[in-house]
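Subject: Structure handover

Hello,

Here is the structure I said I would pass on. My notes on it follow below.

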Amino acid sequence: MQPFEKIKEYSKTVCEQIRWKRAHEVVSEEIENHLIDQRDAYILHGEDEKSATQKAILQMGDAVSIGMGLDKTHKPKPQWTMITLTALLMLIGMLSSYLMSRFSLIPYAISVTVFVVCYFLDFTILGKYAKHLYFIVLATSVSYLGFVVTPPTLVSSQINNRAISLTYLSLIFPITYSIFIYALRHKGFMGVILCGLGYIPFAAVLLLIPSFTGFVLFTISTLVILFLSITKGWFGIDKKRGLLLLLIPTLIAISFTVLYTVRNPYSLSRLSIAINPSSDPFDRGYISILVRDFLANSKFVGEGAIPASFGDNITMLPVSGTNFVLAALTHKFGWVTFIGIIGVVTAFSVYGLYYSAKQKSVLGNLVSLPIVITFIYQAFTYIMNNLGFGLLSSLSLPLVSYGKTALVINSVLIGFMLSVFRTGEIFKDSTKSYTRGNPVFSYEDGKLIINVKGN
């Protein structure tokens, strides 16, 4: 048997003791690299290849014993804390929908199913088909947009049900864009430019719906993820010049925002209405006033009193609908319920950010981070609306507020995020790197040179 074949045979024996099949490739690579390094060290001291290889293997130790030891450390990490928090949120959602007489078992059965599937699915499939997913989601959104687009002068309450469903699809835009960044990270400066341009189509779709809430979510996640990618060196470029290129999507976002607010005068008054709803002469802040009155009559524990201004039929009030479940539960059971739900949401967010920051691979970061951002953004806007400070329209309180589409999409996203946390430590990104032989931007003899072809 040839020396290198002995090394391969040794690593194979080690891996046969490890029950987690996905870890075999990583372990095998580590074992073989270590043996080769040790073999080369012996060769430098005058040993022939065959003898050096044999000594390196003997120094490593018994393959079966080493494999059994690695089997104890190389195994999936069930995310019991995150699974428990997810289950709590879903149970709260089931209870609230039952109390609102909106309960249906089918959406929850579908959500649990897709969550489990995505949890056990290999999340790296997202990285393998990153560009395909970007254009599939974009093409689907654009084609569906033709059936739901409304004139920009109409307020959000006039959007039909199909447009609202498309608004919920904006929840997948951040992760779609994030893995698009993963596909372009080897292209240096040109990759950053293409990522900046890749922001435009999704942003335009969200403003055409129109969904300013979805637009803000997508813009925030885009800037955060691009900033992180540049500062961590994933594009392989000078960080200062890379951050200057970040101005491209930033300026585009500002331009889109200005255009939207000019064509939607109501959006200019949202801030003042959110702070002081009674200041609006057209009574567009009446829902915020109702919610605040509703909460003002809530108790710490137990059901609160109904304000006289509400009338007799509370089921007809906005607080009893999908967008104000948290306010309704607070009034029904007391502020202790509000504190409890916020505690679960906060714990989920903190753990999500913590485990996302621990990811060693680029793909693990780019899959988990946008999902955490999407969760936190949804929760924050929903809570503010349920406190009577509705600067932005809420999408959903993930897994809690009633809404079949949002429930299923959030279950898929959370499932993928926990899949990353469960198995992400054994994944290694491709070693392909960006070379700087022909940079896009260069400065020579007082002239700025732009190389369109790049490398």
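This is a predicted model: local features need pLDDT of at least 70, side-chain atom pairs count only at pLDDT 80 or more; totals for chains, interfaces and linings use all residues.

Glu 49 is a reasonable place to begin: with a relative accessible area of 40%, Glu 49 counts as partly exposed. Its side chain meets that of Arg 39 in a salt bridge, at 3.8 Å from N to O. The pair links helix α3 (residues 49-60), which holds Glu 49, to helix α2 (residues 24-44), which holds Arg 39, and the two residues are ten apart in the chain.

Overall make-up

The protein has 455 residues, and 48% of them count as buried. There are 21 helices and two strands. Of the contacts between residues at least 6 apart in sequence, 72% join residues at least 24 apart. The protein exposes about 22,500 Å², with 65% of that supplied by carbon and sulfur atoms.

Salt bridges

The whole structure contains eight salt bridges. Besides the pair above, Lys 77 and Glu 425 meet through their side chains at 2.9 Å, N to O. Here the partners are 348 residues apart: Lys 77 sits in the loop between α4 (63-73) and α5, and Glu 425 in the loop between α21 and β1 (441-444). Lys 77 is partly exposed at 42%, and Glu 425 is partly exposed at 42% as well.

Another salt bridge joins Lys 332 to Glu 303, with the closest N and O atoms 3.8 Å apart. Lys 332 belongs to helix α18 (residues 325-333), while Glu 303 lies in the loop between α17 (286-296) and α18, 29 residues away in the chain. Both are partly exposed, Lys 332 at 39% and Glu 303 at 46%. Shared partners also join Arg 39, Asp 40 and Glu 49 into one network of salt bridges.

Nonpolar cores

The largest nonpolar core has 95 residues, and within it Tyr 199 and Val 367 touch the most other members. Helix α20 (residues 362-386) gives the most to this core, with 13 residues. Leaving aside residues up to four places away in sequence, Val 367 touches Phe 123, Leu 126, Ile 175, Ile 179 and Val 420. Another core, of 16 residues, lies apart from the largest one and includes Tyr 10, Val 14, Ile 18 and Ile 31.

Nonpolar surface patch

Leu 95, Tyr 98, Leu 99, Phe 103, Leu 105 and Phe 333 form a nonpolar patch on the surface, and together they have about 590 Å² of accessible area. Helix α5 (residues 80-99) gives the most to the patch, with three residues. Tyr 98 lies in that helix. Tyr 98 counts as exposed because its relative accessible area is 57%, and the cut-off for exposed is over 50%.

Backbone details

The peptide bond from Ile 209 to Pro 210 is cis, with omega near -5°. Pro 210 is in the loop between α11 (188-208) and α12 (212-231). Leu 399 is not a glycine, yet it has a positive phi of about 70°. Leu 399 is in the loop between α20 and α21 (404-423), and it is buried, at 3% relative accessibility.

Cysteines

How many disulfides does the structure hold? The structure holds zero. Cys 15 is buried, at 6% relative accessible area, and Cys 118 is buried too, at 7%.

Regards

Notes:
Residues are numbered from 1 along each chain as its sequence is written. Side-chain values use heavy atoms; hydrogens and water are left out. A nonpolar core is a set of buried Ala, Val, Leu, Ile, Met, Phe, Trp, Tyr and Cys residues joined through side-chain atoms within 4.5 Å. Buried means under 20% relative accessible area, exposed over 50%, partly exposed in between (1.4 Å probe, protein chains only). Helices (H or I, at least four residues) and strands (E, at least two) are DSSP runs, numbered from the N terminus. Contact means heavy atoms within 4.5 Å. Patches are made of residues with over 30% relative accessible area and no salt bridge: like charges are joined within 9 Å, nonpolar side chains (Val, Leu, Ile, Met, Phe, Trp, Tyr) within 5 Å. Accessible areas come from the Shrake-Rupley method with a 1.4 Å probe; for residues, only the protein chains shown count as cover. A salt bridge is a side-chain nitrogen of Lys or Arg within 4 Å of a carboxyl oxygen of Asp or Glu. A disulfide is a pair of cysteine sulfur atoms within 2.5 Å.
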